[in-house]
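Reader: I'm new to reading protein models. Could you walk me through this one, feature by feature?

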Amino acid sequence: MDVTIHSSFLPHTDPEASLAFYRDLLGFEVRQNVKYGDMQWITVAPPNQPDTSIVLTPVAATPGLTDDERRMIAEMMAKGTYASVNLATKDLDALFAKLEAGGAEVVQEPVDQPYGIRDCSFRDPAGNLLRIQELR
């Protein structure tokens with residue numbers, strides 16, 4: 001059996017800010033940008049990875065959420081505790097410098113972790129945590 005990761009989902013609150021972060025700062029390509037009413041789904045991915053992507057989804061599109069649940073999600077997103085994704089790069093310092101210069105919210109500067117990796121972390125415009133590991 002051959003199973004792959006095709007796409008992962010992260011919530012977003014501002015489509016333009018998300019595009020500026022994922023497309024303009026990270027250099028991801030926009031594969032789809034679907035609008036329905038006042039909601040927008042944006043599929044992004046690194047250009048060199050045609051088989052996987054991140055779908056940025058509007059929180060309002062989640063069916064069955066109560067108002068209390070929407071408030072809780074908004075609070076968690078604001079703190080950066082709702083969703084996250086791990087990325088990787090060969091040049092962590094260069095990517096860190098680019099994101100920091102572009103105004104991304106730094107959570108952790110590059111550091112050698114005691115468990116054997118070197119990484120840093122940022123929050124995207126919606127508050128999602130992005131951990132970026134250095135490929136060795």
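Reader: Which strand gives the most to the lining of the largest pocket?

Author: Let's begin with the ground rules. This is a predicted model, in which local features need pLDDT of at least 70 and side-chain atom pairs count only at pLDDT 80 or more, while totals for chains, interfaces and linings use all residues. Residues are numbered from 1 along each chain as its sequence is written, and side-chain values use heavy atoms, with hydrogens and water left out.

Author: Now the general idea. Rolling a probe the size of a water molecule over the atoms shows where empty space is left. On a 1 Å grid over the protein atoms alone, a pocket is an open set of points where a 1.4 Å probe fits, with protein on both sides within 12 Å along at least five of seven lines; lining residues have an atom within 4 Å of a point. Strands (E, at least two residues) and helices (H or I, at least four) are DSSP runs, numbered from the N terminus. Here, strand 5 gives the most, with 5 residues. Strand 4 (53-58) and strand 5 (84-89) each supply at least two residues of that lining.

Reader: How much space lies in the largest pocket?

Author: A volume is the space filled by probe spheres set on the grid points, which are joined across faces, edges and corners. For the largest pocket that is about 560 Å³. It has 22 lining residues, and the closest to its centre are Phe-28, Pro-46, Gln-49, Leu-87 and Ala-88.

Reader: How do the lining residues divide by class?

Author: Ala, Val, Leu, Ile, Met, Phe, Trp, Tyr, Cys and Pro count as nonpolar, Asp, Glu, Lys and Arg as charged, and the others, Gly among them, as polar. The lining of the largest pocket has 13 nonpolar, 8 polar and 1 charged.

Reader: What volume does the second largest pocket have, and which residues line it?

Author: Its volume is about 160 Å³. Among the residues lining the second largest pocket are His-12, Pro-15, Gln-40 and Pro-58.

Reader: Is Gln-40 buried or exposed?

Author: Buried means under 20% relative accessible area, exposed over 50%, and partly exposed in between (1.4 Å probe, protein chains only). Gln-40 is buried because its relative accessibility is 10%. Its place is in strand 3. Contact means heavy atoms within 4.5 Å. Leaving aside neighbours within four places in sequence, the contacts of Gln-40 include His-12, Pro-15 and Pro-58.

Reader: Where is Ala-83?

Author: Ala-83 is in the loop between helix 2 (67-79) and strand 5. With a relative accessibility of 14%, Ala-83 counts as buried too. Sequence distance and distance in space are separate things to read: Ala-83 and Gly-127 are 44 residues apart in sequence and 8.2 Å apart in space, C-alpha to C-alpha.

Reader: Which residues have the most contacts inside the largest nonpolar core?

Author: A nonpolar core is a set of buried Ala, Val, Leu, Ile, Met, Phe, Trp, Tyr and Cys residues joined through side-chain atoms within 4.5 Å. The largest one has 23 residues, and Tyr-22, Leu-26, Leu-99 and Ile-132 have the most contacts inside it. Elements that each supply at least two residues of this core include helix 1 (15-25), helix 3 (92-101) and strand 8 (129-134). Beyond its neighbours within four places in sequence, Leu-26 is in contact with Phe-21, Leu-87, Leu-95, Leu-99 and Leu-130.
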